[in-house]
Structure formats: structure tokens, C-alpha cells
2 protein chains.
Amino acid sequence: MSAATEKFLQSADLGAAIVAALDEVLGTRKTDLHAPVFAGNEWVYLKDCLDSTFVSSVGAYVDRFERDLAEFTGSAHAVAVVNGTAALHVALLLAGVEQGDEVLVPALTFAATANAVSYCGAIPHFIDSDDRTLGVDPAALDRWLSFKAEKTGGRIVNRDTGRVIRAIVTMHTFGHPCDMDGLLSVARKYGLTIVEDAAESLGSYYQGRHTGTFGLLGTLSFNGNKTLTTGGGGAILTNDAELARRAKFITTTAKRPHKWEYVHDEVGFNYRMPNLNAALGCAQLEQLPGFLQSKRALHQKYAKAFAGLDAVELTREPAGCSSNYWLQALKLQNIDMQLRDSILEQTNAAGYMTRPVWKLMHGLRQFGDCPRAPLDVAERLEKTLINIPSGAGLA
Amino acid sequence: MSAATEKFLQSADLGAAIVAALDEVLGTRKTDLHAPVFAGNEWVYLKDCLDSTFVSSVGAYVDRFERDLAEFTGSAHAVAVVNGTAALHVALLLAGVEQGDEVLVPALTFAATANAVSYCGAIPHFIDSDDRTLGVDPAALDRWLSFKAEKTGGRIVNRDTGRVIRAIVTMHTFGHPCDMDGLLSVARKYGLTIVEDAAESLGSYYQGRHTGTFGLLGTLSFNGNKTLTTGGGGAILTNDAELARRAKFITTTAKRPHKWEYVHDEVGFNYRMPNLNAALGCAQLEQLPGFLQSKRALHQKYAKAFAGLDAVELTREPAGCSSNYWLQALKLQNIDMQLRDSILEQTNAAGYMTRPVWKLMHGLRQFGDCPRAPLDVAERLEKTLINIPSGAGLA
């Protein structure tokens with residue numbers, strides 16, 4: 001801890017103390033929350049892609065990116081798609097989510113998680129988080145389902161709404177893995193399918209196994225703010241060969257292979273990742289181990305800089321897990337919205353992009369009437385989490 | 001006409017005669033149906049985009065591409081999105097298409113047109129084509145609606161199904177403009193909204209006005225096989241400022257502007273075009289006038305080469321229109337599936353990619369039960385059209 005930070009610690013001005021700690025780690029650079037780093041073969045592969053003229057929905061980089069992703073994550077199959085939202089939409093459809101079903105979704109997530117449920121004509125049913133992992137709390141979920149769920153004709157039905165509860169979407173918040181053993185156990189107990197929203201957790205491991213490979217299907221995102229980027233992009237992970245085949249088929253307009261005929265035998269989607277974007281992805285994936293090292297190093301610097309600030313806690317990987325530290329976050333020890341907002345004001349004014357976590361899903365107008373469990377932990381997290389600059393280039 | 005073509009004309013082997021005509025125009029190059037040409041600022045803009053680190057869902061190239069598209073097409077507004085299918089999905093939603101509605105769609109189109117209707121929870125209702133334009137036939141549509149449609153409570157209802165008929169999707173097949181005066185007149189008569197699927201017709205004009213700007217909304221595609229490409233991409237055109245604002249809003253996750261808060265107040269879509277793809281689009285759009293000239297020159301060469309072959313007719317722009325000649329097509333004068341397939345075999349074997357037009361939508365399993373008008377012209381076109389190599393690099 002620097003002398004400057006020490007000084008602010010003695011003052012009542014937590015915002016200024018946080019700015020001082022950020023100064024200590026980041027210098028006085030203007031920083032985004034997460035900027036990409038292009039320091040590898042990006043140029044080479046993009047140029048090669050242009051020269052080949054295969055920039056669009058088929059091409060060697062798409063095939064390679066899928067192979068490289070499967071290898072990196074240890075998933076038997078990876079299907080590249082146009083973004084993480086599309087990946088989640090298709091994963092839910094392949095998990096059997098149907099119109100009128102309910103899908104258990106953390107209240108603490110980005111809107112895409114709940115939107116993807118809506119695209120299937122299903123209803124998100126919001127569940128609480130674990131303060132330690134920031135992901136779904138298996139114990140709280142088990143308690144909730146023991147009250148609300150009943151088995152009827154081999155299906156789990158919500159006693160209140162009468163609707164089938166089809167699946168659980170787990171989301172690895174800020175890259176920190178959920179308690180997958182706990183969640184798999186609850187899923188087995190109630191006969192629910194798990195779809196892992198691993199949009200934020202490429203490079204994060206639970207007990208040595210990559211996130212997104214525990215559920216029937218997992219999904220990744222390569223948006224510009226993610227650990228690696230393809231401009232826009234996503235992927236579906238699965239160990240099931242038939243699901244992988246189906247995922248590829250329905251994300252590529254459901255066209256049957258034929259030397260010239262155009263037969264599409266179900267309603268498919270145009271969710272293909274262009275080869276141009278996959279070329280960027282291949283170059284980024286080569287650098288992923290380095291990005292992960294840098295992000296871990298940044299975390300260690302933050303841990304040192306914020307060590308003396310008792311009023312905030314730096315979020316860290318849960319025990320037994322290795323996090324990609326996609327987004328670093330401070331957790332205020334007390335709920336004080338005025339204080340939180342003044343910290344956001346001060347840090348942004350100092351040139352450091354900071355933001356609160358997402359608004360909880362049931363607080364969004366379109367999801368206000370959806371079923372929900374008690375959300376005490378998520379509601380506390382919503383009021384106390386602040387993300388701070390986290391890019392791989394900042395370490 | 002070359003001596004070689006003349007010779008084959010005397011023979012009964014139409015396939016060989018077509019190969020000879022293709023040889024005359026294309027030499028003996030192996031050719032795709034439509035390969036992109038990258039001969040401008042593609043590399044400069046892609047490099048600039050990488051250097052800026054703004055490769056993803058916001059960026060200067062997205063803004064510029066939207067401005068450039070609006071200027072080129074004469075549309076008041078253009079909203080760039082992830083592909084043409086997404087553009088159509090959102091255009092239909094903005095045209096007021098609701099779950100359970102019917103939408104009039106040509107049977108002769110690519111599957112995306114009908115899929116987009118399905119994404120809205122609506123039902124495509126297939127209508128016939130005009131042999132001259134290859135697009136929706138306004139006179140046939142008027143006759144059909146005069147039997148099938150009735151006005152009930154200010155809405156047009158299908159007498160058979162009782163469902164509201166909400167809109168007409170016109171599609172400018174192979175880049176040839178539909179009879180927009182005729183279609184606008186039918187739309188007015190029945191109080192129907194027109195959405196123009198101009199995926200294939202960037203650079204095509206009806207009576208001097210760009211296709212996609214006649215309907216309430218129009219949509220473009222920049223897939224790899226289109227006149228210009230962004231890898232994957234599309235756009236929504238509209239002259240209505242409020243619809244343009246709504247299009248931008250719901251394609252960008254419906255997030256309300258705020259300095260840090262994440263408020264999404266309706267179910268939005270992640271349909272943003274990445275800046276990387278828009279950079280490619282800006283470079284391609286600069287070359288569009290040249291591409292259009294080349295494609296017209298290719299048409300003229302084909303017209304000369306095929307002039308003596310009475311058994312096939314080269315499709316051409318309708319009177320009063322300027323077509324982009326996106327895809328060149330031969331129309332067989334007689335229905336003979338064995339002959340058609342042997343022409344496809346012979347031309348593909350000779351290294352020229354050719355294909356029949358798409359299977360009609362009501363022939364696809366998932367649309368087999370949808371309502372449909374008599375489709376005599378479309379059914380004839382399905383059996384007689386053959387696309388031949390059409391890229392701007394071939395002239």
C-alpha cells in the first residue's frame with residue numbers, strides 16, 4: 001500500500017482512497033473497464049482471410065477456431081456462432097426448452113441470459129446467488145425447489161404456475177466459477193438440465209475442469225469486452241456429438257448438405273460466425289494463456305493496493321477454482337447507495353471506468369412479473385459491487 | 001456467339017452448349033456462383049480498426065457504414081445489424097407483426113424470409129411470383145386477397161384461418177426489382193404494411209429509386225455471396241426516424257443510455273454489427289459503383305453468349321428498373337427435370353458453379369402446412385431457373 005493510499009485510509013473519503021489505489025496500480029491512464037489487446041497474429045490472419053476471399057460463413061478459420069476452442073476448454077465439441085446471446089438461445093433450444101416452460105436463471109446476470117429464455121417463448125424464473133461465488137447458490141436453490149417444485153408425470157412443475165421447469169442456467173459471474181458440484185447435485189435431484197452461461201469465464205476452471213463443460217451444453221462469448229474477442233462472436237460447447245451436430249445444423253440455416261439443392265427441413269437460424277471474425281479469434285486464442293497471466297497479475301496488484309481498505313473487499317476466485325479474473329470487482333462491506341454512487345462518480349471523474357453490477361433481472365420492466373425465489377444475496381450484491389478496470393493490458 | 005457455341009446449338013446437347021457459352025464468357029476458370037472482390041481499402045480499414053481496438057459492437061466504422069448506406073440508398077436512415085436474417089426479424093417486429101399473425105411472403109425466396117416470420121411467432125402465407133420480375137405478382141395477390149381476405153374491425157383477416165394478415169414481404173429476386181407500384185397499390189387497398197427484403201438488391205433501382213426504400217422498412221444483406229460483403233452483416237432501411245431509433249435500440253440489447261447503469265427495459269436482441277465487419281463494409285461500399293458496372297458488363301457478355309440458345313432465356317432487369325444483376329440466371333423454356341439436372345451436372349463438372357433456384361417455401365417440411373395461394377408461376381420458375389457464376393470479378 002502506498003503512502004497516498006494510507007493517507008486516504010485515515011480520511012472518511014472512501015472514493016478518494018479507491019482512486020488512490022487505482023492510481024497505484026494503473027498509474028493515471030484513462031482506462032476502460034475491459035479493452036482488448038491485439039499483440040499476436042491478428043494482422044496476419046485477417047490479411048490471409050481477405051486474400052482467401054473466404055470472409056463469410058464458411059472458411060478454414062471457423063473450422064480451426066472450433067478445433068482450438070475444443071482443445072483449450074477440453075470440450076469434445078465447440079460450435080462457433082455469431083455471439084454469446086445466439087449461443088445461449090440455441091443451447092436452450094437443444095436442452096429441450098419449449099414455449100411456456102420455466103427456466104431457472106440467476107437474478108444477478110446480464111440481460112442476455114434472461115432474453116435468451118424469452119426467445120424460446122419460455123419464462124425465466126429467478127434464483128439467488130452465493131455471496132462467495134457470485135453465482136447460483138445450490139443450497140438456496142434446493143430449499144426453494146423443495147417448496148415450489150413437484151414431480152408430475154416425470155416432469156418438474158412449478159406448484160404456483162403449473163408450468164414445467166425445464167432447465168437451470170448457471171452463469172460464472174465476472175469469470176468466477178459457480179459451485180458446480182452443488183449445482184449438479186441439485187440438478188440430478190430434481191431432474192433438471194444444466195446449461196452453463198460461460199460467456200464471462202473462458203479460461204476459468206472449477207476443480208481443474210473448464211467452465212462450460214459441466215452442463216449438457218455451455219456457451220461462450222467473444223464480444224469486445226471479453227477476455228478474448230472476435231469483434232462479435234460466441235460458441236456452444238458440448239460433449240455430446242449429436243447435440244454438437246444439431247447445434248451446427250440449426251445455427252447454419254438448417255440446410256441439408258446437397259451438391260446444389262436448397263433444402264432446409266426445419267426453422268433454422270443464421271447464427272454463423274463469419275470466417276473474418278474467426279480469424280481474429282484464432283489469433284486471440286494463441287495469446288489467451290498470456291492474457292490470463294496478465295489478468296491474474298493485475299488481480300494481485302489490486303489485492304495489494306486494496307489490502308488496507310477495510311470498507312471494500314476485492315472479489316477473488318472461490319476455493320478449488322481458477323478464475324480468469326475477467327472483471328475485477330470491489331464489494332462494499334455496507335449497503336450505502338449514496339456512498340456507492342459517489343465512488344462511481346469519483347472514479348469515473350478520475351478517468352477510471354467503473355460501474356455497478358447489472359440491475360437484477362426482476363428489476364427490469366419486462367421481467368418484473370416472472371416467478372422468483374427470495375433474492376436476498378443478489379439484492380445485496382446489486383447494491384455493493386463495483387467493477388473496476390480489468391483489461392489484460394493493464395497488468 | 002462463338003463457333004464452338006454455334007456447333008453445340010446444332011446438337012441436342014443443351015448442357016454442352018451452356019458450358020461452351022460459359023467458356024466463352026469466363027474462359028476456363030473455376031468459378032463460384034458469387035465470390036467477393038477485395039480491391040480497395042479493406043486492408044487499410046481493417047488495420048485501422050484493429051489499431052483503434054474498437055473491433056466490437058460500437059465504433060466509428062459502424063456509424064460511418066450506416067451513414068454511407070443511407071446516402072447510397074437514399075434512405076433517411078440505415079441501421080447496421082449482424083446479418084440480413086436479423087434485419088428482417090426486427091423489421092417485421094417493427095412493422096407490428098405479432099404472434100399468431102399471418103405475413104404474405106413469396107413462395108420463391110430463400111428460407112430466411114419465411115424463417116424471420118416464424119421468429120415473430122407468425123405464420124408465412126405464401127404467394128405467387130411474376131414471371132417477368134421473379135418477385136411477388138401484384139395482380140395475382142390482389143385476386144387472391146379479394147377471395148381470402150376480409151376487413152374485420154379495421155384489420156384484414158384470412159377468411160379460412162381467422163388470423164390477422166399483417167404485412168407483405170416483397171423480395172427482389174436475384175436483384176431484379178419487384179413491381180413496386182403494383183404492390184404499393186395492393187397494400188393500400190387492403191391496408192397492409194410492406195417490408196421489403198432487399199437482401200439481394202443493393203444497387204437495384206425501381207423507377208430510379210433504390211429498392212428497400214418503398215416499404216415501411218427494408219432490409220439488406222452483406223453475406224459473403226452478396227454484391228458487397230461485411231463477412232456477415234445486414235441493415236434495416238427506413239425513412240421513419242422513430243422506427244430507425246427503435247431499430248437501433250432493440251438490436252443493441254434495448255439498453256437505456258446511462259453513464260453506468262445497466263437498464264434494459266424490454267426484451268432486446270444482440271444483433272449489433274461488429275465494427276470490424278463495418279470496416280470491411282465501408283471499404284466495399286466505396287467500390288460498389290464499380291462492382292455494379294462489372295456485373296452489368298458480365299450480363300451483357302452473357303446476353304451475347306446465350307443469344308443463340310433458344311432453349312434458355314437469360315433473366316434481365318424489368319422495364320423501368322436498373323438491376324444490380326446480383327445473380328445471373330438462365331430460364332429453361334420448357335420444364336424438363338432430367339434436362340435441368342443434366343445441365344447442372346455438366347456445368348458443375350466443367351468447374352462452373354451453377355445451381356437451381358431455392359426450393360419453394362411450401363415444399364420445405366416446416367412450412368408445408370402454411371396457407372398458400374395458387375403458385376403456378378413460382379412452381380414453373382422453381383423447375384426452370386438455373387443460376388450461373390455472377391461475381392463482380394468475372395466481367
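Trainee: Which residues of S11(A) lie on one side and which on the other, and are they buried or exposed?

Mentor: This is a predicted model, in which local features need pLDDT of at least 70 and side-chain atom pairs count only at pLDDT 80 or more, while totals for chains, interfaces and linings use all residues. Residues are numbered from 1 along each chain as its sequence is written, and chains are lettered from A and ligands numbered from 1 in the order in which they are written. In a regular strand the side chains alternate between the two faces of the sheet. In S11(A), Gly234(A), Ile236(A) and Thr238(A) take one side and Ala235(A) and Leu237(A) the other, and the state of them all is buried.

Trainee: How many residues of strand S11 of chain A are buried?

Mentor: A residue counts as buried if 20 or more other C-beta atoms lie within 10 Å of its own, as exposed if 12 or fewer do, and as partly exposed in between, with C-beta atoms placed from the backbone. The strand spans residues 234-238 and is largely enclosed by the rest of the structure, because the buried count is five of the five.

Trainee: Which strands pair with S11(A) in the antiparallel sense?

Mentor: Strands (E, at least two residues) and helices (H or I, at least four) are DSSP runs numbered from the N terminus, and two strands pair if DSSP finds at least two bridges between them. With strand S1 (residues 77-81) there are five bridges, in which His77(A) stands opposite Thr238(A) and Val81(A) has Gly234(A) as its partner. With strand S10 (residues 217-221) there are four bridges, and there Leu220(A) faces Ala235(A).

Trainee: Which strands stand at the edges of the open sheet of chain A?

Mentor: The sheet has seven strands with mixed pairing, in the order S1-S11-S10-S7-S6-S2-S3. Each edge strand has a single partner strand, so one side of each is left without a neighbour in the sheet, and these strands are S1 and S3 (123-127).

Trainee: What angle does H9 of chain A make with S1(A)?

Mentor: Angles run from 0 to 180 degrees between N-to-C directions, and axes are lines fitted to C-alpha atoms, for helices over the stretch in contact. Neighbouring strands of the sheet are turned by 25° against each other on average, direction ignored, and H6(A), which touches S2, S3, S6 and S7, makes about 175° with S2(A). Helix H9 (residues 241-251) lies across S1, S10 and S11, and its angle to S1(A) is about 15°.

Trainee: Which element gives the largest share of the side of domain 1 of chain A that touches domain 2 of chain A?

Mentor: By an automatic or database domain assignment, chain A is divided into domain 1 (3-36 + 287-358 + 387-394) and domain 2 (42-285). Residues are in contact if their C-beta atoms, placed from the backbone, lie within 7 Å, and 21 residues of domain 1 meet 27 residues of domain 2 in this way. H10 and strand S13 (321-322) each supply at least two residues of the domain 1 side. The largest share, four residues, comes from H10(A).

Trainee: How do the residues of the side of chain A that touches chain B divide by class?

Mentor: The contact takes 51 residues from chain A and 51 residues from chain B, and H3(A) gives the most to the chain A side, with five residues. Ala, Val, Leu, Ile, Met, Phe, Trp, Tyr, Cys and Pro count as nonpolar, Asp, Glu, Lys and Arg as charged, and the others, Gly among them, as polar. On that basis the chain A side has 21 nonpolar, 20 polar and ten charged residues.

Trainee: Is Leu134(A) buried or exposed?

Mentor: Leu134(A) lies in the loop between S3 and helix H7 (138-148) of chain A, and has a positive phi of about 70° although it is not a glycine. Because Leu134(A) has 27 C-beta neighbours inside 10 Å, it counts as buried.

Technical notes. Two residues are in contact if their C-beta atoms, placed from the backbone, lie within 7 Å.
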